[in-house]
Amino acid sequence: MEEAGGIMLTEIPGGFITHRPHSIVGGHHRFAPYPVVLHQPHIHRPTVTPAIYSIPSHHHAPHLAAHPRTHAGAYHQHPTFRSAHRPQSPATPPVATVEEGTHIGHLYPEILVLIFERLSVRDRGRAAQVCTVWRDAAYSKSCWRGVEASLHLRRPSPTLFGSLVKRGIKRVQILSVRRALKDIVTGVPNLESLNLSGCYNITDVAIGNAFAGDLPNLKVLDLSLCKQVTDSSLGRITQHLKNIEVLELGGCSNITNTGLLLISWGLKKLRRLNLRSCWHISDHGIGHLAGLSKETADGTPALEFLGLQDCQRLSDEALRHIALGLSSLQSINLSFCVSVTDSGLKHLARMSCLKELNLRACDNISDIGMAYLTEGCSAIATLDVSFCDKVADQAMVHISQGLFQLRSLSLSACQITDEGLSRIAKSLHDLETLNIGQCSRITDRGLEMIAEELLNLRAIDLYGCTRLTPGALRKISQLPRLSKVNLGLWHVR
């Protein structure tokens with residue numbers, strides 16, 4: 001506000017000045033608030049010399065000093081009155097004591113950390129830019145536990161890796177690489193997960209330079225679609241990354257059986273291996289993983305997941321190796337392995353730990369293979385035989401009599417009818433996911449049977465079932481736990 005003397009005073013509410021927690025040290029606030037009233041001389045206005053007026057005698061002017069009359073009988077100003085006088089500014093009012101309130105600036109850092117832990121990663125980063133107190137709280141390692149940082153390795157950034165280490169981030173995804181891969185490995189020494197998926201320009205030389213020394217903390221490495229990576233990179237990985245538990249090699253089409261031999265030599269703790277579309281892999285390489293050639297390798301006995309999708313050179317012999325040497329395997333993906341036949345499922349039936357089996361688009365699997373499978377694999381909870389056009393109602397009879405632990409069953413484009421569905425509905429009461437899309441022989445009768453029996457069903461795919469009517473769809477939608485019904489390629493209710 002502007003006082004009478006022309007001095008501008010700005011009043012700032014105390015509750016909006018202090019933004020730092022008031023930690024009490026020795027009975028005094030460590031950070032005292034700023035004064036409530038601020039003097040701002042930079043906006044001082046020049047004083048104008050007051051004008052001199054003749055005041056008639058009949059006007060009362062007590063603020064003017066009285067002087068003796070002259071011989072003319074009029075009042076005259078004393079000469080000293082012509083000098084400029086500035087009125088005294090009123091005394092500054094006493095500063096009111098600012099009471100502690102519930103403003104977010106008064107929260108302890110520990111409370112801020114608890115709040116920031118509930119924010120999304122993006123909002124957490126924005127909060128860190130508000131002030132230093134929030135930055136320090138947002139950089140707490142508990143806020144970033146389990147977060148994966150996605151980076152473009154382009155221009156050098158001296159503070160980037162230090163920031164990741166300070167926040168305790170140990171999982172990194174590289175979106176693009178235009179500088180040395182070694183920088184991220186040395187910059188984040190406690191790296192636990194490194195995702196290089198889709199970095200097409202990663203070569204054996206880059207891998208060799210990055211993994212020149214032991215990295216005992218690194219447990220997850222994703223090289224999917226790094227098409228220039230060869231067996232040479234696997235040699236360096238198995239030499240210095242002994243504790244790798246997850247290795248993704250999907251789309252690395254230059255990997256051969258020699259690379260699998262190197263893996264079986266060096267990665268004894270490997271639990272998950274994905275070899276999708278590694279077209280040079282054959283039955284012999286799977287034998288290396290299984291440890292069947294004791295003079296060269298001990299295999300990977302701890303393996304729990306093996307992805308062999310689209311490895312078209314594999315045959316039933318590979319499944320025999322798996323059953324003999326990889327007894328701990330819980331999940332196997334054989335989709336699009338067109339050389340696998342019903343006979344190969346005889347070997348898988350001996351695997352008591354197997355819980356997930358994907359046979360999608362394996363053209364040589366039929367009802368007979370399902371009969372072999374149900375003889376021993378009673379622990380299977382997820383089975384996918386979609387697009388196996390030789391699987392029909394008789395397979396449903398075998399499944400209903402042997403796979404009582406099933407929770408997910410995919411039969412898309414199989415030659416099943418209402419009779420096969422009724423077998424499933426009457427036996428597999430714990431089924432939660434049923435995919436029967438493009439089964440064009442299914443009618444309202446089969447769907448009504450599902451609505452009556454499968455009360456635990458949560459998701460069903462009916463895309464392409466052209467013989468269904470709205471009445472049957474209304475019945476299926478009344479299932480108590482059903483949350484997803486797929487009626488079309490983009491239509492999900």
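Entry 1. I counted a residue as buried when its relative accessible area is under 20%. The model is predicted, so I kept to local features with pLDDT of at least 70.

I applied the burial cut-off to helix α10, residues 316–325. The buried residues there are Asp 316, Ala 318, Leu 319, His 321, Ile 322 and Ala 323. I then looked up what covers these buried residues of α10. The cover includes two helices, α9 (283–290) and α11 (342–348). It also includes the strands β11 (305–307) and β12 (331–333).

Entry 2. I turned to helix α7 (residues 231–240) and helix α8 (residues 257–266). Their axes lie 9 Å apart, and the packing angle is about 5 degrees.

I listed the contact next. From α7, Asp 231, Leu 234, Gly 235 and Thr 238 take part. They meet Thr 258, Gly 259, Leu 262, Ile 263 and Gly 266 of α8. Sorted by type, the residues of this contact are three nonpolar, five polar and one charged.

Entry 3. How many cavities of 30 Å³ or more are there? I found one cavity by this rule. The largest cavity holds about 30 Å³ of space. I noted its lining as Pro 189, Leu 191, Leu 215, Pro 216, Asn 217 and Leu 218. Five residues of that lining are nonpolar, one is polar and none is charged.

How values were computed
Residues are numbered from 1 along each chain as its sequence is written. This is a predicted model: local features need pLDDT of at least 70, side-chain atom pairs count only at pLDDT 80 or more; totals for chains, interfaces and linings use all residues. Side-chain values use heavy atoms; hydrogens and water are left out. On a 1 Å grid over the protein atoms alone, a cavity is a set of points where a 1.4 Å probe fits but cannot get out, and a pocket is an open set with protein on both sides within 12 Å along at least five of seven lines; lining residues have an atom within 4 Å of a point. Grid points are joined across faces, edges and corners, and a volume is the space filled by probe spheres set on the points. Ala, Val, Leu, Ile, Met, Phe, Trp, Tyr, Cys and Pro count as nonpolar, Asp, Glu, Lys and Arg as charged, and the others, Gly among them, as polar. Buried means under 20% relative accessible area, exposed over 50%, partly exposed in between (1.4 Å probe, protein chains only). Helices (H or I, at least four residues) and strands (E, at least two) are DSSP runs, numbered from the N terminus. Contact means heavy atoms within 4.5 Å. Axes are lines fitted to C-alpha atoms, for helices over the stretch in contact, and angles run from 0 to 180 degrees between N-to-C directions.
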